[in-house]
Amino acid sequence: MRSGDALRRKHRRQTHSRIVENASYGRQNGSEGLSVVDLMKLAGLTHGGFYNHFDSRAALVGEAIAFAMDQMTARWKKLANGKANGERFEALIADYLSARHRDNPKHGCALPALAADVARSSPRERRALASKLERMIDVFVELLPDEEPQQARQIATGAIATMVGSMVLSRAVGAGKLSDSILEAGRMTAGGRIRKPQRRTIKAMRCDKS
């Protein structure tokens, strides 16, 4: 009996995980774009067993968001570990704001597809997104060891906000020159390269005055 119970619990966990994972892959439709029936179909299951695993649709969406954002964070860590210290910050930005990511929303970051929907959704979904966003910011902060902690967090938060906004717009206009230019501008802005010439100009002006 104990062996049978253990097998049933294992099967239940596996089924639960499969539902969450497949629900996360449907996120290009937005969190409000799929019904319970649709979400269960993605996992190859009938909708009758849905409430054996989740209290509500919002509970599943919250877990799906968390899963997708965990996947993105894991990708960032893996990518950062393969780069030299001085290259990590911009490498993550370049990977995120790439044509590959733009053209593959199903397996990319959940934020461009879901952030606007979640803002109008349940507190549980918003808490799930906020918690995982904090962790994503933490990953970027770790790539800025030479900055003061408060400044590093501000830079990291601004970079991620720029990245997500750029991805939303680049997908909205469709693949093409404008979309590519949005990604390029996002990479420059998130990496701080637009501000650097301004700082050099100010410094040069001060030298001229002296």
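Me: What does "buried" mean here, and which residues of H4 are buried?

Reply: Buried means under 20% relative accessible area, with exposed set at over 50% and partly exposed in between, using a 1.4 Å probe and protein chains only. The model is predicted, so local features need pLDDT of at least 70 and side-chain atom pairs count only at pLDDT 80 or more, while totals for chains, interfaces and linings use all residues. Residues are numbered from 1 along each chain as its sequence is written, and side-chain values use heavy atoms, leaving out hydrogens and water.

Me: Against which elements do the buried residues of H4 pack?

Reply: Contact means heavy atoms within 4.5 Å, and the buried residues of H4 pack against H3, helix H5 (99–102), H6, H7, H8 and H9.

Me: How should I read a nonpolar core, and which residues have the most contacts inside the largest one?

Reply: A nonpolar core is a set of buried Ala, Val, Leu, Ile, Met, Phe, Trp, Tyr and Cys residues joined through side-chain atoms within 4.5 Å. The largest has 33 residues, and Trp 76, Tyr 96, Met 136, Phe 140 and Met 163 have the most contacts inside it. A second, separate core of 12 residues includes Ile 19, Ala 23, Val 36 and Ala 43.

Me: Which residues is Phe 140 in contact with, leaving aside its neighbours within four places in sequence?

Reply: Phe 140 is in contact with Trp 76, Phe 89, Leu 92, Ile 93, Ala 156, Ala 159, Ile 160 and Met 163.

Note on methods:
Helices (H or I, at least four residues) and strands (E, at least two) are DSSP runs, numbered from the N terminus.
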